[in-house]
Amino acid sequence: MHELSLCESIVTLVVESAGREGIRRVTRVTVDIGAGAAIDPDALLFCFPLVTEDTLAARAELAIERTALKARCDACGTDYAPDTLIAPCPACGGTRRTLLAGRDMRVVSFEGE
Ligand SMILES: [Zn+2]
């Protein structure tokens with residue numbers, strides 16, 4: 001389950017940043033998961049309390065935002081939002097495209113006190 005190691009990376013990043021900013025307790029962490037990122041949000045939510053235990057982020061809330069896939073067709077240049085990673089261009093039916101967004105996961109923000 002790679003969500004566990006992902007969760008550890010998120011928490012390490014947040015706890016380090018929070019420490020630098022003099023935050024004693026992180027209350028909320030917001031992450032963005034691209035629709036094509038192959039990450040299970042439920043698994044992330046499940047891991048989060050386990051990983052944050054005994055850290056600055058213990059009992060923090062994890063908020064998950066989703067970024068839709070966005071692609072540009074290599075053949076005709078149309079920007080579109082494919083439902084899946086293999087959806088063809090709606091304008092010309094081409095399958096060669098460049099993904100512009102929706103494949104990554106990132107930490108958007110965190111709040112603390
Ligand atoms: Zn096209």
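Biologist: Let's start with Asp54: in which loop is the place of this residue?
Modeller: Happy to, keeping in mind that this is a predicted model. Asp54 follows helix α2. Its place is in the loop between α2 and β2.

Biologist: What is the phi of Asp54, a residue other than glycine?
Modeller: Most residues other than glycine have a negative phi. Asp54 is not a glycine, yet its phi is positive, near 65°.

Biologist: Is Asp54 buried or exposed?
Modeller: The cut-off for calling a residue exposed is a relative accessible area over 50%. Asp54 has 77%, so it counts as exposed.

Biologist: Going back to the helix, how far does α2 reach from its first C-alpha to its last?
Modeller: Helix α2 covers residues 41–52, which makes 12 residues. At 1.5 Å a residue, the expected span is 16 Å, and the helix comes close to that. Its own reach is 16 Å.

Biologist: How wide is the arc that the buried residues of α2 cover around the axis?
Modeller: The buried residues are Pro41, Ala43, Leu44, Cys47, Phe48, Val51 and Thr52. They sit on the same side of α2 because the arc they cover is only 140°.

Biologist: Which exposed residues are on the face of α2 turned away from its buried side?
Modeller: The buried side packs against α1 (2–20), β1 (26–34), β2 (61–67) and β6 (105–112). The face turned away from that buried side carries Asp42, Phe46 and Leu50.

Biologist: At the start of α2, which residue has a side-chain oxygen within 3.0 Å of the backbone nitrogen of Asp42?
Modeller: The backbone nitrogen in question belongs to Asp42, at the start of α2. The side-chain oxygen that reaches to within 3.0 Å of this nitrogen comes from Asp40.

Biologist: And Leu45, which residues does it touch, not counting those up to four places away in sequence?
Modeller: Leu45 is found in helix α2. At 40% relative accessibility, this residue counts as partly exposed. With the sequence neighbours set aside, Leu45 touches Leu62 and Ile64.

Biologist: What separates the C-alpha atoms of Met105 and Gly34?
Modeller: Met105 lies in strand β6. Its contacts beyond four places in sequence are Leu6, Ile10, Asp32, Ile33, Ile39 and Leu44. Met105 and Gly34 are 71 residues apart along the chain, but their C-alpha atoms are separated by 6.0 Å.

Biologist: Now the metal: what geometry does the site of the zinc ion have?
Modeller: The zinc ion is coordinated at 2.3 Å by the SG atoms of Cys73, Cys76, Cys89 and Cys92. Four donors count as tetrahedral if all angles lie between 85 and 135 degrees. The angles among these 4 donor atoms are 104 to 115°, and the site is tetrahedral.

Biologist: How many residues apart are Cys73 and Cys89?
Modeller: The donor residues are spaced C-x2-C-x12-C-x2-C in sequence. Cys73 is in strand β3 (residues 70–73), while Cys89 is in the loop between β4 (79–80) and β5 (97–101). Both of these cysteines are buried. The pair links distant parts of the chain, Cys73 and Cys89 being apart by 16 residues.

Key
Residues numbered from 1 in each chain as written. Predicted model: local features only at pLDDT ≥ 70, side-chain atom pairs only at ≥ 80, totals over all residues. Heavy atoms only, no water. Helix = DSSP H or I, 4+ residues; strand = E, 2+ residues; numbered from the N terminus. Expected span 1.5 Å × (residues − 1). Buried < 20%, exposed > 50% of the residue type's maximum accessible area, 1.4 Å probe, protein only. Arc of directions from axis to C-beta. Contact = heavy atoms within 4.5 Å. Polar contact = N/O pair within 3.5 Å; in protein donor to acceptor, adjacent residues only side chain to side chain. Donors = N, O, S within 2.8 Å, 3.2 Å for Na, K, Ca; no water. Tetrahedral: all angles 85-135°; square planar, octahedral: opposite > 155°, others 65-115°.
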